[in-house]
Number of protein chains: 2
Amino acid sequence: MTFTTHTIDREKLKRLADVAVKVGLNLQPGQELVMTAPVEALPLVREITEAAYEAGASLVTPLLSDDEVTLARYRSGTSDGFDTAPGWLYEGMAQAFEKGAARLAIKGDDPALLAGRNPDHVGRAAKAMSAASRPALNHIANFRINWNIVSWPGLAWARQVFPHLAPEAAQAALADAIFKASRVDQGGAVEAWRAHNATLAERAAWLNGNRFDALHYTGPGTDLTIGLADGHAWVGGETEARNGVICTPNIPTEEVFTTPHAERADGYVRATKPLSYQGTLIEEIEVRFEGGRITEARAASGENVFRTLLDNDEGARRLGEVALVPHRSPISDTGLLFYNTLFDENAASHIALGQCYAECFEDKTLSKEEVAQRGGNSSIIHVDWMIGSAEIDIDGITADGTRVPVMRSGGWAQG
Amino acid sequence: MTFTTHTIDREKLKRLADVAVKVGLNLQPGQELVMTAPVEALPLVREITEAAYEAGASLVTPLLSDDEVTLARYRSGTSDGFDTAPGWLYEGMAQAFEKGAARLAIKGDDPALLAGRNPDHVGRAAKAMSAASRPALNHIANFRINWNIVSWPGLAWARQVFPHLAPEAAQAALADAIFKASRVDQGGAVEAWRAHNATLAERAAWLNGNRFDALHYTGPGTDLTIGLADGHAWVGGETEARNGVICTPNIPTEEVFTTPHAERADGYVRATKPLSYQGTLIEEIEVRFEGGRITEARAASGENVFRTLLDNDEGARRLGEVALVPHRSPISDTGLLFYNTLFDENAASHIALGQCYAECFEDKTLSKEEVAQRGGNSSIIHVDWMIGSAEIDIDGITADGTRVPVMRSGGWAQG
């Protein structure tokens, strides 16, 4: 086994770690940090650990996963075992969050890891994992704590994004793209992020000022009206978590987003990018919504996995997030399909199936029941998929029926 | 970062994984496995994972640690943080064990990792870790579950054992020594382990037949009488855990051991090998026991860390284990000082400070209180150190004062 990472710029890696800790997490002195990462991302894990201790972390605990360990299960595991997930680990993490820990996730997994594996095993393992991780996921979804996601240019991922390059060159190219998209390719990255967050906050303020009741999407294969939750609030960039810490959960982020109404989506929509879900690439998704619920679903590939995803629970067929992203940004300017939601969702407007974010309401102290009363969806899953492109127009519709252009040809309609 | 492991024989690594899963754990079909390991040991983690799934494991969850992450804390962490330990993780592990998971630990850490770090920070971190890990450790110490420890030839460890060799050669040499000591250097390793376990069982039966009340150790710097716990039982090789699974906790193992009486150790003893404790090497330990308690303690180096160890709690100054090991074995025949308790303790008779093993009683169903009534010690620590050598004689003393030679010049006195 050889990990070769000398092609990755150490200075930019340090900048990414710095942005993750200071802007992404805004880690507080004395705060504990729980970090998940693929083992391949160890160089970034180490830089983030150092930055976290420099910021005053009391303890940093990385939990490292390994694709080969995952594959061994599909190669040699017994079928009975696939309903088992490490619930004990997620309950431990939930306990850490209850005691004040922050959460950082490094993503960089092989997007096609489980392609070709037994779909029944893949689906059951994913469902068991979703249920088991819920105690921990709830703290994230409800923004009880400050959290952050950043990316590592994993080798298998890099080879998928740059199939024509040699492995090391592909990894170097993906590293460059991640650094650009994450706005750490130049010095002063922390300051640049503060300015970018201010722009996103202005955009969210404009949307909130309009108090739209619904959004109407039109474009090729798409004519969809999405009702917004009662008392919803648009959010973008930085967010004040319920523990009082202002964090920027996604690095990179270009989106402003809110909570749709679980029972008010009608029409049809075509995905504009493939969805990489638990190691399977789901391509050319087309669905129909009626009364907020997906009643028809197709995909050119990975349709079985997509159907298993929809069957997780009742909320898996309904929307938990609607996000607006301009078609031009440092991410979309790379011109790449990343096969990774964190990037691809920030290159295009998107929606998510499943659990909604309780933070996307004007009243940040709503109970679970109050969120549901206002139309907030509930599910064991939260899966984003892209429906934006340069061919999509979006209108905002107010309660009295007034239409206001929100996006035209994938760009913001209002300057 | 480059991990080079092509110097390590893949076939022998597979054999070690096979012995760990089939003999060490005796992993049962459908059983979950929680594995801790240094990240450097990933090749062995992967082989064990594969072997565990082949044996029918429902789920294998490795928890990987990284020395560089540990060092970052000592380099950049704030002093206040060192009383924090990941209790949430150990409570999660305890929950896994309660639900039936087995436990495997791969050791191979840098024995001198924390040498030269702030001893106050080292001591406080170790104490916090001992307390935090107790919920999980209890399942191990009380043999509620099947568990196993095996070793990986970590690079830093290898360089300490073979300081005159180049790094890769040192790692290859340590790998060879581990394979020999673990009896996997030849084919038929699983069968060889079954035969070795039978020999250890015979030795334990002889000791149990004699029902010694105490052992008397004499040698250079040593004149020590250790009383044995009431109703104690000698154990060696394989053990039936309380979950009904017969496992062999240590690979390698050459010892037969039992629980001493916490209040009946008198005299003085000199350690015959250095003790590597939480990254500090403690050399030339000399202590005096009175009424089971250490009343005087010295060490030529690492004395501060040793004193912090003794001050963990009242039970840290009393004995929790006494183990007999012949001076000749595949381990001691390597002629190496491994700076690693798992090996060095199996090359020489030893004692352990701290928590006793509840399994080392004739009655395997004793409550915590009943163990204490019989003289079983209780502590948040369990630390072995070596007091055997070719110059040590041991007599068994029965209740009526009869002396029976047990070991002479470090070898078994009885054939």
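How much area do chain A and chain B bury between them, and what percentage of it is on carbon and sulfur atoms?

Modeller: Keep in mind that this is a predicted model. Chain A and chain B bury about 3900 Å² between them. Of that area, 63% is on carbon and sulfur atoms. The size of an interface is often given in this way, as the accessible area lost when the parts come together. The contact draws 46 residues from chain A and 46 residues from chain B.

Four salt bridges are found across the interface of chain A and chain B. One of them pairs Arg75(A) with Glu50(B), and their closest N and O atoms are 2.5 Å apart. Now look at which elements of chain A take part.

How do the two copies relate? Rotate chain A by 180 degrees, with 0.1 Å of shift along the axis, and chain A superposes on chain B with an RMSD of 0.1 Å. That is the relation of a two-fold axis. To find the axis on screen, go to Gly92(A): in chain A, its C-alpha is the nearest to the axis, at 2.3 Å.

In chain B, Lys14(B) forms a salt bridge with Glu47(B), with the closest N and O atoms 3.3 Å apart. This pair links distant parts of the chain: Lys14(B) is in helix 1 (residues 10–25), Glu47(B) is in helix 2 (residues 42–54), and they are 33 residues apart. Lys14(B) counts as partly exposed, at 35% relative accessibility. Glu47(B) counts as buried, at 10%. In chain A, salt bridges that share partners join Arg10(A), Lys14(A) and Glu47(A) into one network.

A search of the whole structure finds 40 salt bridges over all chains. Arg293(A) pairs with Glu314(A), the closest N and O atoms being 3.2 Å apart. That pair also links distant parts of the chain, 21 residues apart: Arg293(A) is in strand 15 (residues 293–298), and Glu314(A) is in the loop between helix 9 (303–310) and strand 16 (319–324). Arg293(A) is partly exposed at 29% relative accessibility, and Glu314(A) is partly exposed at 44%. Arg288(A) forms a salt bridge with Glu296(A), with 3.5 Å between the closest N and O atoms. Arg288(A) is partly exposed at 32% relative accessibility. Glu296(A) is partly exposed too, with a relative accessible area of 38%.

Now the backbone. Most residues other than glycine have a negative phi, and most peptide bonds are trans. Some places here depart from that. The peptide bond from Ile251(A) to Pro252(A) is cis, with omega near 0 degrees. Pro252(A) lies in the loop between strand 9 (246–247) and strand 10 (256–258) of chain A. In chain B, a cis peptide bond joins Ile251(B) and Pro252(B).

Asn26(A) is not a glycine, yet its phi is positive, at about 50 degrees. Asn26(A) is in the loop between helix 1 (10–25) and strand 1 of chain A. At 26% relative accessibility, Asn26(A) is partly exposed. Glu284(A) also has a positive phi, near 55 degrees. Glu284(A) lies in the loop between strand 13 (280–282) and strand 14 (286–290) of chain A. Glu284(A) counts as exposed, at 58% relative accessibility.

One last stop is Ser276(B), in strand 12 (residues 275–277) of chain B. Ser276(B) is buried, with a relative accessible area of 18%. Its side chain reaches the backbone oxygen of Pro111(B) at 3.5 Å. Beyond its neighbours within four places in sequence, Ser276(B) is in contact with Pro111(B), Leu281(B), Tyr339(B) and Thr341(B). Ser276(B) and Thr341(B) are 65 residues apart in sequence, but 7.2 Å apart in space, C-alpha to C-alpha.

Definitions and conventions
Residues numbered from 1 in each chain as written. Chains lettered and ligands numbered in written order. Predicted model: local features only at pLDDT ≥ 70, side-chain atom pairs only at ≥ 80, totals over all residues. Heavy atoms only, no water. Contact = heavy atoms within 4.5 Å. Buried area = accessible area lost by both parts, 1.4 Å probe. Salt bridge = Lys/Arg side-chain N within 4 Å of Asp/Glu carboxyl O. Least-squares fit on C-alpha atoms with pLDDT ≥ 70 in both. Helix = DSSP H or I, 4+ residues; strand = E, 2+ residues; numbered from the N terminus. Buried < 20%, exposed > 50% of the residue type's maximum accessible area, 1.4 Å probe, protein only. Polar contact = N/O pair within 3.5 Å; in protein donor to acceptor, adjacent residues only side chain to side chain.
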